[in-house]
Amino acid sequence: MTIGAEHDGVSDINRTIVVEAPSLTTPAGLDAIATLNKRRRVVLFLNLATWLLIVLVAGAIFTSGGWTVVGLTMVICLALGAPWPVLGFWNAVIGLWQLHGTKRTHAEPYYETKGDQSPLTVNTAVLMTLRNEDPARALLRLKTVKASLDRMAEGGRFSYFVLSDSDQGEIIQREEAEVAAWKEADPDPDRIVYRRRIGNAGFKAGNVREFALRWGSDHEFMLPLDADSLMTGEAIVTLVRIMEKHPRIGILQSLVVGTPSSSAFARIFQFGMRLGMRTYTMGQARWVGDCGPFWGHNALVRIAPYVEHCAMKGLLKSETILSHDQVEAVLMRKAGYEVRVLPVETGSYEDNPPDALEFMRRDARWCQGNMQYLRLIGMPGIEPVSRFQLFWAVLMFLGVPAWTLLAAILPLAMLSAEHQNDFPWFAVEAIYGILLLMHLAPKLAGIADAILTPGEISRFGGRVRFASSAIIEILFSLILGAVTTIRTSIFMVGLLFGRTIVWNGQRRDGAGVAWGDAIRWLWPQLLFGMLLYVAVALVSPAALLWSLPLTAGYGLAIPFVVFTASPAVGRFFRRHGIAGIPEDFAPPAEIRAVQAGI
């Protein structure tokens with residue numbers, strides 16, 4: 001029977017019926033199935049109970065004067081919007097407990113290979129996919145990865161592929177020139193391959209798949225990198241050692257963190273991500289186990305099962321799947337291979353958007369891709385947790401217009417409540433406070449993790465820098481949340497009417513946002529905010545004040561975007577170490593190499 005199958009197999013050997021026992025562990029043997037199922041039941045109970053309590057209390061509040069259209073809409077919006085902060089809260093709590101409440105974490109494969117110096121026995125292809133990106137900027141990162149691996153004894157086991165889907169003549173010429181110059185200067189040019197496709201069939205997923213079909217037989221693993229990806233040789237070799245030791249792991253995703261940036265927006269954003277992702281991912285990894293996420297880059301993929309089982313052509317008939325990564329993870333697990341995330345920082349980096357406008361463009365691309373999962377959730381034969389991962393990716397965006405609609409009808413709900421002498425305002429304030437706390441829970445857990453980890457605050461530049469940066473980031477995240485919800489809600493309405501966006505090259509470096517551009521992009525946020533503030537203030541000025549943590553971003557959207565994108569503000573932040581991450585204060589050799597080459 002295939003390792004990891006979850007049903008009894010029957011074989012006919014010498015006319016004797018032999019019934020095999022079901023496997024007691026996940027395919028790679030990293031978790032006992034009974035233990036993993038118990039964890040999942042606990043997490044399911046915690047989340048459902050919390051969500052149900054919020055919905056029931058909200059239902060009791062908003063229907064206390066009888067059922068109304070406004071009250072029912074408020075309850076439905078809360079029901080759609082609450083799951084994301086609820087799961088974030090419990091993942092963060094579980095992750096913090098994993099890091100500080102128990103002696104063992106959910107990163108055992110990493111610790112098993114720590115200190116292992118045995119030679120690698122397989123070949124790995126490092127891929128960088130490009131489409132109309134700045135070739136010099138992207139290839140600097142790939143050259144740095146190669147140089148880092150070449151400094152290690154295992155460097156000869158890696159080959160490097162630049163996989164271009166570019167269709168702009170000037171960029172194509174620069175790509176070819178950059179690769180030619182790299183090969184000429186490199187002592188081992190045969191391990192560097194440049195290939196450009198004619199056309200963009202299947203987008204990035206099609207690009208990677210074409211590589212696997214053409215060159216995959218020469219390599220056991222492939223490591224896809226985006227144009228802004230950077231990894232240390234040690235991090236890559238660690239992934240390879242784990243995959244060598246566990247042949248039933250099909251995808252091993254590294255925990256990706258931001259690189260040092262001169263953009264104020266990117267600095268603040270990645271400071272919060274650095275704090276929140278560690279506890280969140282650690283908590284999530286404990287219960288998703290073998291059905292982990294795949295983010296499409298900075299992850300090691302076993303090529304043979306990828307080629308055999310992860311083809312997506314035809315899953316949506318003739319339509320191309322845009323957010324391919326999680327679908328490939330689902331198909332890999334369906335084929336009997338584990339998909340794992342390594343929830344520890346190992347030297348895996350990416351750049352973050354330089355300003356809020358680029359961040360919203362990226363969010364829109366993800367939204368468009370994730371909404372396709374609605375038609376894939378019912379795929380036959382996939383694991384329940386894999387099905388949940390698809391559902392969760394959809395719900396992540398479905399909750400956004402729910403929060404926007406909730407804010408829009410808030411004045412009507414308040415007006416209705418004003419006519420009730422016994423309206424339970426204390427309960428409304430309690431739910432508001434709880435949801436706000438849950439929304440911030442991953443960040444607060446990350447702050448607690450840094451405080452509880454010896455020496456961690458010093459890595460972030462010391463207590464004063466860390467505390468001020470944490471306060472700035474929390475305020476930043478609340479404003480950014482309001483700014484992006486309006487944009488995403490408008491985009492999702494457009495999707496219903498056939499509006500789409502093209503996946504193309506991204507703007508990686510910031511040069512500021514002009515006031516005119518900010519107004520052109522963000523006038524809906526400003527208009528929505530002004531109407532909301534006036535309506536709420538007419539009913540209850542006090543309510544306007546306590547709503548500001550979640551609504552201030554509407555009115556502040558335009559100056560917020562201009563300020564956080566300002567190169568002068570970015571230089572000030574960098575000079576004073578504001579929102580600095582450990583690599584700002586003690587950059588590894590790979591980041592120093594990239595910084596020197598810019």
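Visitor: Are arginine 274 and glutamate 583 buried or exposed?

Guide: This is a predicted model, in which local features need pLDDT of at least 70, side-chain atom pairs count only at pLDDT 80 or more, and totals for chains, interfaces and linings use all residues. Residues are numbered from 1 along each chain as its sequence is written, and side-chain values use heavy atoms, with hydrogens and water left out. Buried means under 20% relative accessible area, exposed over 50%, and partly exposed in between (1.4 Å probe, protein chains only). By that rule, arginine 274 and glutamate 583 are both buried.

Visitor: How far apart are the closest N and O atoms of arginine 274 and glutamate 583?

Guide: A salt bridge is a side-chain nitrogen of Lys or Arg within 4 Å of a carboxyl oxygen of Asp or Glu. Arginine 274 and glutamate 583 form one, and their closest N and O atoms are 2.8 Å apart.

Visitor: Which helices does that pair link?

Guide: Helices (H or I, at least four residues) and strands (E, at least two) are DSSP runs, numbered from the N terminus. The two residues are 309 places apart in the chain, with arginine 274 in helix H9 (residues 264-288) and glutamate 583 in helix H21 (residues 582-585). The helices are therefore H9 and H21.

Visitor: Why does the salt bridge of arginine 333 and aspartate 290 tie together separate parts of the chain?

Guide: Their side chains meet at 2.7 Å, N to O. Arginine 333 is in helix H11 (residues 324-334), while aspartate 290 is in the loop between H9 and strand S10 (299-302), so the parts tied together are 43 residues apart in sequence.

Visitor: What is the relative accessible area of arginine 333?

Guide: Aspartate 290, its salt-bridge partner, counts as buried at 2%. Arginine 333 is buried as well, with a relative accessible area of 3%.

Visitor: How many residues of H8 are buried?

Guide: Among the buried residues of H8 are Gly233, Ile236 and Arg241. The helix is mostly covered, and of its 13 residues the number buried is 10.
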